[in-house]
Amino acid sequence: FGARNAMSARQAHFERCQKQLDALGDVLAAAKPEIIVIIGDDQHEWFTEELQPTFGIFCGDQVINFAPTREEIERHTREGRGASVSGNHPPIDQPYPIAQGLAKHIIAQAMRDGFDVAAIMAQPKNANETKNLGHAYGFIYRRLLKDQPVPLVPVLVNTFYPPNQPSPRRCFDFGRGIGRAIASWPSHARVAVVGSGGLSHFVIDEAFDHRILGAFQRDDMDAITGEDDALFRSGTSETKNWIVARGALAETGFTMKLLDYVPCYRSEA
């Protein structure tokens, strides 16, 4: 892996990724969505060991993506994560309106389908301080939407933390319910669905990635949901967000277009 980890290779990988992120942003801009449903995972940003729901949907009136403080920027920069902070959080506090009607409609559909989802009606607090929006959502708004405040429905999936992570099959079935809710919602609003995160990381497994991508392209959900749940661990677990998103699109007839696949190694280990 030495050559694939060289600085020149990293730069080439970075440029390919940025090119396709620009392309995804162009797709979203051309679609002109009036609502965005983002399926992401919470990494102890809102929830902690005190409470960790398997599925949650935010249905308050807005969420705020707070600008990082100077102390946070300095600390993350020292730790090598400065670019990540600015990539996920804006330079000034930015509120995102919530499409409450659709959010509550999705919750109702989920309950009918046998999913006891957590209805999150206010941005959680730690003592008296409101917790910031998770990076699974902030990155989409900053990088793909260029900070445009399109109404949002945040869907939170516990992909990371035992003991209550949903299986791949459960994720797909949950997503199908989201799709049925969008289709049955009495509105003509244009709705985009985004699966945030994925694929394999922090240890890259190219064979796993290609199996997942190939199954998506063939629309072979049995292959995806039949993957060993033990493979969906750590960062790789975010692939389950993609499975939820694919479930939401299962009855649309849409097909997948792969823009690129870039395995970005960052150490020989």
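## Basis of the description

Helices, as H or I runs of at least four residues, and strands, as E runs of at least two, are taken from DSSP and numbered from the N terminus. The model described here is predicted.

## Loop between strand 8 and helix 6

Pro163 lies in the loop that runs between strand 8 and helix 6. The peptide bond between Pro162 and Pro163 is cis, with an omega of about 15°.

Asn158 also has its place in the loop between strand 8 (152-157) and helix 6 (168-184). Is Asn158 buried or exposed? Its relative accessible area is 1%, and Asn158 is therefore buried. When neighbours within four places in sequence are set aside, the contacts of Asn158 are Gln52, Pro53, Thr54, Asn164, Gln165 and Pro166. Asn158 and Ser234 are separated by 76 residues in sequence, while their C-alpha atoms are 11 Å apart in space.

## Packing of helix 7 and helix 9

Helix 7 comprises residues 206-218 and helix 9 comprises residues 239-248; their axes come within 12 Å and cross at roughly 5°. Helix 7 is therefore roughly parallel to helix 9, since angles under 35 degrees count as roughly parallel.

On the helix 7 side, the residues that meet helix 9 are Phe208, Ile212, Leu213 and Phe216. Their counterparts in helix 9 are Thr239, Trp242, Ile243 and Arg246. Classified by residue type, the contact of helix 7 with helix 9 consists of 6 nonpolar, 1 polar and 1 charged residues.

Asp209 belongs to helix 7.

Arg211 does take part in a salt bridge, with Glu227, at an N to O distance of 2.8 Å. This pair joins distant parts of the chain: Arg211 is in helix 7, and Glu227, 16 residues away, is in the loop between helix 8 (221-225) and helix 9. Glu227 has a relative accessible area of 13% and is therefore buried. For Arg211 the relative accessible area is 38%, so this residue is partly exposed.

## Further salt bridges

The structure holds 14 salt bridges. One of them pairs Arg16 with Asp260, whose closest N and O atoms are 2.8 Å apart. The partners come from distant parts of the chain, 244 residues apart: Arg16 is in helix 1 (residues 7-31), and Asp260 is in the segment after helix 9. Arg16 is partly exposed because its relative accessible area is 35%. Asp260 is likewise partly exposed, with a relative accessible area of 29%.

Which residues are linked in a network of salt bridges? The network is made up of Asp113, Arg176, Arg180 and Glu251.

## Loop between helix 5 and strand 8

Lys146 is located in the loop between helix 5 (135-144) and strand 8, and Asp147 is placed in that loop as well. Phi of Lys146 is near 55°, a positive value in a residue other than glycine. Asp147 is also a residue other than glycine with a positive phi, near 70°. The side chain of Asp147 forms a salt bridge with Arg142, in which the closest N and O atoms are 2.9 Å apart.

Phe202 occupies the loop between strand 9 (191-195) and helix 7. The peptide bond leading from His201 to Phe202 is cis, and its omega is near 10°.

Phe66 is situated in the loop between strand 3 (62-65) and helix 2 (70-78). Neighbours within four places in sequence aside, Phe66 is in contact with His89, Pro90, Asp93, Gln123, Thr130, Lys131 and Asn132. Although Phe66 and Asn132 are 66 residues apart in sequence, the distance between their C-alpha atoms is 6.0 Å.

Technical notes:
Residues are numbered from 1 along each chain as its sequence is written. This is a predicted model: local features need pLDDT of at least 70, side-chain atom pairs count only at pLDDT 80 or more; totals for chains, interfaces and linings use all residues. Side-chain values use heavy atoms; hydrogens and water are left out. Axes are lines fitted to C-alpha atoms, for helices over the stretch in contact, and angles run from 0 to 180 degrees between N-to-C directions. Angles under 35 degrees count as roughly parallel, over 145 as roughly antiparallel, 65 to 115 as roughly perpendicular and the rest as oblique. Contact means heavy atoms within 4.5 Å. Ala, Val, Leu, Ile, Met, Phe, Trp, Tyr, Cys and Pro count as nonpolar, Asp, Glu, Lys and Arg as charged, and the others, Gly among them, as polar. Buried means under 20% relative accessible area, exposed over 50%, partly exposed in between (1.4 Å probe, protein chains only). A salt bridge is a side-chain nitrogen of Lys or Arg within 4 Å of a carboxyl oxygen of Asp or Glu.
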